[in-house]
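Morning, everyone. Have a look at the screen.

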Amino acid sequence: MKNEPTPADSPVPVYQLHSFPRHEPDESFYMTRLERLVQEVKGIDNSHAHTFYLVMWIGQGTGVHTIDFKTYEIEPNQLYFLTPGQVHSWELSADTKGYNLFFDATFFKGRFGNRLHQYPFFHSRQHQPLLSAIPQPGFFRELLSYAYQEYEARLANRSEVFLSFVHILLEAASRLYHERQISSDTHLYDRLRHYEELLEQQFLTVREVRAYADQLNITPNYLNYICQHVVGKTASQLWQERLLIEAQRLLTHTAQSTKEIAFLLGFSDPSYFVRFFRKQTGRTPADFRMVPNLFP
């Protein structure tokens with residue numbers, strides 16, 4: 001793999017598409033077998049982030065996959081979905097096989113516009129980033145197999161054909177995902193997703209629910225109603241959860257002191273940060289830093 005510098009403001013390595021073996025410079029998509037990726041890219045199992053979208057298919061194998069400090073048991077016939085910026089790591093058994101499919105937002109949006117932001121498994125910290133126990137795994141297995149054949153063949157109009165495979169994969173996964181969820185009002189769901197997008201962009205600088213509500217052209221009370229109706233949490237709780245993830249990342253992946261992290265996260269006094277962290281996790285930042293994997 002080419003040496004890829006970590007951005008100065010990132011506590012973990014951040015991979016771009018051109019970080020990977022055999023990636024073609026002019027292409028905004030990439031696909032490989034999971035077992036091949038693990039062999040070729042040393043350290044890929046350690047904590048890292050991406051600038052692109054990722055779909056991972058587990059055909060066989062066991063282990064664990066940790067995404068933003070939530071750990072999931074790996075089992076056959078799973079699909080994982082990661083949004084740019086999310087941090088993940090994994091421990092895979094030696095017999096694990098599957099596919100990893102990467103693509104930039106521009107690759108998908110050119111034909112399908114803002115659809116990427118409507119899938120429940122992307123751009124949301126309130127929905128699980130995976131599908132397990134898929135009832136007809138043969139469909140996804142064959143679809144990914146054909147997509148990989150198309151990727152490797154490098155025939156005429158490959159990007160258009162490959163994009164069609166990606167679209168079918170995401171639409172089929174979205175349909176299955178929605179079948180398993182408690183149905184919510186589409187309008188409320190869209191408003192929640194917009195709030196989550198604003199949180200992702202502004203959580204460090206905008207700390208008042210009213211300021212987010214103003215940007216959404218709704219009242220704070222209605223924003224709270226939306227959050228509670230769709231995910232059972234207040235708007236403030238969603239902001240706190242996003243801030244907590246950033247705190248965990250910095251505590252785990254940097255050597256910065258608790259005081260430095262507190263100021264980076266916008267706390268005027270480190271004691272306020274310690275109090276916030278203990279309230280959210282039941283542990284102090286120092287305790288978490290010593291054994292982060294004990295966090296539920």
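Which residue in β6 is the bridge partner of Gly63? It is Ile74. Before going on, a caution: this is a predicted model, where local features need pLDDT of at least 70, side-chain atom pairs count only at pLDDT 80 or more, and totals for chains, interfaces and linings use all residues. Residues are numbered from 1 along each chain as its sequence is written, and side-chain values use heavy atoms, with hydrogens and water left out.

Back to the strands. β5, residues 63–67, pairs with β6 in the antiparallel sense over 5 bridges. Strands here are DSSP runs of E, at least two residues, and helices are runs of H or I, at least four, numbered from the N terminus. Two strands pair if DSSP finds at least two bridges between them.

The open sheet has 3 strands, in the order β6-β5-β8, with antiparallel pairing. Its edge strands are β6 (70–74) and β8 (88–92), and each pairs on one side only.

Next, β2, residues 29–33. Of its 5 residues, 4 are buried, meaning under 20% relative accessible area with a 1.4 Å probe, protein chains only. β2 pairs antiparallel with β9, residues 97–103, over 5 bridges. Phe29 stands opposite Phe103 in β9.

Last, the helices. α7 (220–231) and α8 (235–253) pack at about 75°, axes 8 Å apart. Axes are lines fitted to C-alpha atoms over the stretch in contact, and angles run from 0 to 180 degrees between N-to-C directions. So α7 is roughly perpendicular to α8, a label for 65 to 115 degrees.

Key
Buried means under 20% relative accessible area, exposed over 50%, partly exposed in between (1.4 Å probe, protein chains only). Angles under 35 degrees count as roughly parallel, over 145 as roughly antiparallel, 65 to 115 as roughly perpendicular and the rest as oblique.
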